[in-house]
Amino acid sequence: MSNWALSLFQRELRLAVRVGGGALVGVLFFLAVVTVIPFGVGPDLNLLARIGPAILWIGALLATLLGLDRLFQADRDDGSLDLILMAGRPLELVVLIKCLAHWMATGLPLVAAAPVLAIFLNLDPTAIGAVTLTLAAGTPALTLIGAIGASLTVTLRRGGLLLAVLVVPLTIPVLIFGVSAADAAVNDPVPFMTPFLILCALSLISLVVGPFASAAALRFSSD
């Protein structure tokens with residue numbers, strides 16, 4: 001079991017990096033969002049520092065959505081998805097491995113880029129550390145929730161817009177507690193650990209629910 005799981009992870013990681021630019025496209029889009037929003041809100045450094053965590057989280061959410069439509073679509077187009085379904089492997093584990101590879105190729109580079117981009121928003125070191133920590137804890141939930149939408153739209157051509165419509169409302173709790181935890185570390189309106197632990201709980205819930213819901217949707221789409 002470990003051999004095929006490792007092979008599948010390596011395959012998915014290579015495909016996630018190669019197809020569509022992977023990490024590079026996500027980081028460039030993240031950079032575009034972070035640099036464009038300050039032009040709209042003005043040059044007020046105090047305002048940028050106050051809304052900086054929200055800007056970084058929104059940028060990370062939008063960057064995560066970029067490659068989600070290819071999570072299962074490429075496998076369906078070349079027939080690999082049918083082979084996976086007929087192989088008798090636990091489909092939930094297959095989905096989990098694909099999500100892990102996708103997060104390693106897209107989500108992890110966003111977390112690594114956040115401290116650098118946070119400097120553009122005049123965030124202090126405490127805020128930078130808090131935002132980076134919350135992104136590391138919350139972006140897996142974004143990927144796992146996105147996998148549910150990707151599996152529901154796998155049979156549709158150009159389903160990227162529908163995927164965003166399905167996924168964005170489900171990611172709002174992750175966004176709320178991610179931004180709340182980052183703000184709490186700076187302004188201390190509530191203890192940092194309270195929203196941060198809820199954010200971790202949302203990621204753990206997504207880790208359990210996401211693969212099973214995605215696997216059920218993939219089985220339904222193959223019927």
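At what angle do α3 and α7 pack, and how far apart are their axes? The angle is about 30° and the axes are 11 Å apart. This is a predicted model, in which local features need pLDDT of at least 70, side-chain atom pairs count only at pLDDT 80 or more, and totals for chains, interfaces and linings use all residues. Residues are numbered from 1 along each chain as its sequence is written, and side-chain values use heavy atoms, with hydrogens and water left out.

**How the helices are described**

- Helices (H or I, at least four residues) are DSSP runs, numbered from the N terminus.
- The expected span of a helix is 1.5 Å times one less than its number of residues.
- A bend at a residue is the angle between axes fitted to the seven residues ending there and the seven starting there.
- Buried means under 20% relative accessible area, exposed means over 50%, and partly exposed is in between (1.4 Å probe, protein chains only).

**Helix α3**

- Helix α3 covers residues 45-66, which is 22 residues.
- From its first C-alpha to its last, α3 reaches 29 Å, close to the 32 Å expected at 1.5 Å a residue.
- The buried residues of α3 include Leu48, Gly52, Pro53, Trp57 and Leu65.

- Helix α6 covers residues 91-120.
- The 30 residues of α6 should span 44 Å at 1.5 Å a residue, and its end C-alpha atoms are 42 Å apart, which agrees.
- α6 bends by about 45° at Ala114, and the proline Pro115 follows within four residues.
- Ala118 is in helix α6, and with 1% relative accessibility it counts as buried.
- Between the C-alpha atoms of Ala118 and Leu48 there are 10.0 Å, although the two residues are 70 residues apart along the chain.
- Leu108 is also found in helix α6; its relative accessible area is 34%, so Leu108 is partly exposed.
- Asn122 lies in the loop between α6 and α7.
- Phi of Asn122 is near 65°, a positive value in a residue other than glycine.
- Asn122 counts as partly exposed, at 36% relative accessibility.

**Helix α7**

- Helix α7 covers residues 125-152.
- With 28 residues, α7 reaches 40 Å from its first C-alpha to its last, close to the 40 Å expected at 1.5 Å a residue.
- At Ala137, α7 bends by about 35°, and the proline Pro140 follows within four residues.
- Of the 28 residues of α7, 21 are buried, so the helix is largely enclosed by the rest of the structure.

- Two packed helices are described by the angle between their axes and the distance between the axes.
- Axes are lines fitted to C-alpha atoms, for helices over the stretch in contact, and angles run from 0 to 180 degrees between N-to-C directions.
- Angles under 35 degrees count as roughly parallel, over 145 as roughly antiparallel, 65 to 115 as roughly perpendicular and the rest as oblique.
- A crossing is right-handed if the near helix is turned clockwise from the far one by less than a right angle, and left-handed if anticlockwise.
- The axes of α3 and α6 come within 11 Å and cross at roughly 155°, which makes α3 roughly antiparallel to α6.
- The axes of α6 and α7 come within 9 Å and cross at roughly 150°, which makes α6 roughly antiparallel to α7.
- α3 and α7, by contrast, are roughly parallel to each other.
- The crossing of α3 and α6 is right-handed, that of α6 and α7 is right-handed, and α3 passes α7 in a right-handed crossing as well.

**Val27 in helix α2**

- Val27 lies in helix α2, which covers residues 23-41.
- The relative accessible area of Val27 is 24%, so Val27 is partly exposed.
- Val168 is 141 residues from Val27 along the chain, and their C-alpha atoms are separated by 19 Å.

**The aromatic pair**

- Rings of Phe, Tyr and Trp (its six-membered ring) pair if their centres lie within 6.5 Å; planes under 30 degrees apart count as stacked, over 60 as edge-to-face and the rest as tilted.
- The count by this rule is one aromatic pair.
- The ring centres of Phe192 and Phe196 are 5.2 Å apart and the planes are at 20°, so the pair is stacked.
- Both Phe192 and Phe196 are buried.

Note on methods: Helix = DSSP H or I, 4+ residues; strand = E, 2+ residues; numbered from the N terminus.
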